[in-house]
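Below is a short note on the model, written as numbered points. It takes up the ligand site and then the boundary between the domains.

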Amino acid sequence: MSSAGDDIKVEVLEHSDNVVKMVLHNVPVKIANSIRRSVISLVPTLAIEKVIIFRNDSIMNDDMLAHRLGLIPLKTSLDKIRELERTNGKVSLVLSVSAEEDMRTVRSGDIVCKDKDVEIISDEIDIVRLGKGESIQLEMEAVVGRGKDHAKWSPVTVAVVRGVPIIRFKRRKCDDYCDKCVDACPRGVLAKEDGRLKVVDKYNCTVCRLCEKACPDNIKIGIDENSSLLYIESVGQLTVDEILRASFEELNKKLSELYDALKVVE
Ligand code: SF4
Ligand code: SF4
């Protein structure tokens with residue numbers, strides 16, 4: 001069990017703008033899970049919410065078209081999102097395409113954003129196909145929202161928390177040429193080096209227990225629920241650093257509200 005004296009340490013295993021994998025030592029899974037839930041549902045992002053359709057000759061009906069446009073990720077900074085939220089601001093976008101010569105695909109790159117601080121994450125997202133002579137003309141408004149209201153505002157494709165694997169084996173029994181457990185592991189967690197069993201990539205273990213099944217007497221797999229493995233992948237609207245910063249800000253806000261409510265009870 002973690003206690004008040006246990007130091008919290010963060011060990012970063014992988015880090016880029018879009019991905020972070022870290023071990024939170026002495027942070028129980030139930031605490032790390034509130035960070036995960038905040039990341040998914042409380043971090044604000046920008047998404048298309050209102051679509052005004054002037055012309056839609058395509059085979060796709062207006063509702064479906066508006067839904068597809070809402071799911072196109074818009075990239076801007078967290079500071080810009082906070083400013084838009086404070087001022088109740090909106091970002092205008094326009095889509096006007098005609099397939100004059102031949103049939104063509106309307107893609108996200110055809111959308112024109114009227115705010116220079118906001119960009120569409122990719123120009124290659126297919127929206128709809130137009131037949132020869134067909135047109136599409138519409139205006140859109142993007143607003144700040146949160147994943148708890150609609151998944152289009154959620155900034156992550158993956159957000160996972162789990163306990164840290166514990167791998168124990170009887171060292172003396174393992175010092176020979178048998179390697180059933182190594183062969184059974186699909187994740188390359190175990191290896192035999194100079195006849196000795198070694199754990200070479202502990203955090204890659206998914207606790208599938210296949211090694212345990214292969215050699216039940218000598219290897220045991222467990223989970224330490226008092227430390228957590230946190231893995232986050234961004235959709236791309238915000239960097240993982242911005243997502244984590246915003247998730248802590250949102251959690252702090254919730255805790256302050258709770259604290260104020262408790263003071264009223266006193
Ligand atoms: S755990 Fe079992 S299979 Fe693996 S090295 Fe030890 S004795 Fe061999
Ligand atoms: S539990 Fe599964 S992933 Fe972990 S070491 Fe054993 S076989 Fe490999």
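1. Which residues surround ligand 1? In this predicted model, the residues around ligand 1 are Lys173, Cys174, Cys178, Lys180, Cys181, Lys192, Leu197, Cys215, Asn218 and Ile219.

2. Sorted by class, the shell around ligand 1 holds six nonpolar residues, three charged residues and one polar residue. Cysteine counts as nonpolar in this sorting, and the shell includes Cys174, Cys178, Cys181 and Cys215. Two helices, α4 (171-174) and α5 (180-184), each contribute at least two residues to the shell.

3. The protein is split into two domains: domain 1 is made of 1-43 + 154-170 + 201-266, and domain 2 covers 45-150. Contact between them involves 16 residues from domain 1 and 16 residues from domain 2. Their centres, taken over C-alpha atoms, are 34 Å apart.

4. The size of an interface is often expressed as the accessible area lost when the parts come together. For domain 1 and domain 2 the buried area is about 1300 Å², with 51% of it on carbon and sulfur atoms. On the domain 1 side, Ser41, Gln237 and Leu238 account for 36% of the area buried against domain 2, more than any other three residues.

5. How many salt bridges does the rule find across the interface of domain 1 and domain 2? There are three. Separately, the count of residue pairs in polar contact between the two domains is six, with both residues at pLDDT 80 or more.

6. On the side of domain 1 that touches domain 2, the elements giving two or more residues are α1 (29-41) and α7 (240-265). The most come from α7, which gives six residues. By class, this side of domain 1 has seven nonpolar, five charged and four polar residues.

7. One salt bridge can be named: the side chains of glutamate 249 and arginine 82 meet at 2.6 Å, N to O.

Conventions
Residues are numbered from 1 along each chain as its sequence is written. Chains are lettered from A and ligands numbered from 1 in the order in which they are written. This is a predicted model: local features need pLDDT of at least 70, side-chain atom pairs count only at pLDDT 80 or more; totals for chains, interfaces and linings use all residues. Side-chain values use heavy atoms; hydrogens and water are left out. Domain bounds come from an automatic or database domain assignment. Contact means heavy atoms within 4.5 Å. Buried area is the accessible area (1.4 Å probe) that two parts lose on being put together, summed over both. A salt bridge is a side-chain nitrogen of Lys or Arg within 4 Å of a carboxyl oxygen of Asp or Glu. A polar contact is a pair of N or O atoms within 3.5 Å; within protein, one must be able to donate a hydrogen and the other to accept it, and residues adjacent in sequence count only if both atoms are side-chain atoms. Helices (H or I, at least four residues) and strands (E, at least two) are DSSP runs, numbered from the N terminus. A residue is near a molecule or strand if one of its heavy atoms lies within 4 Å of it.
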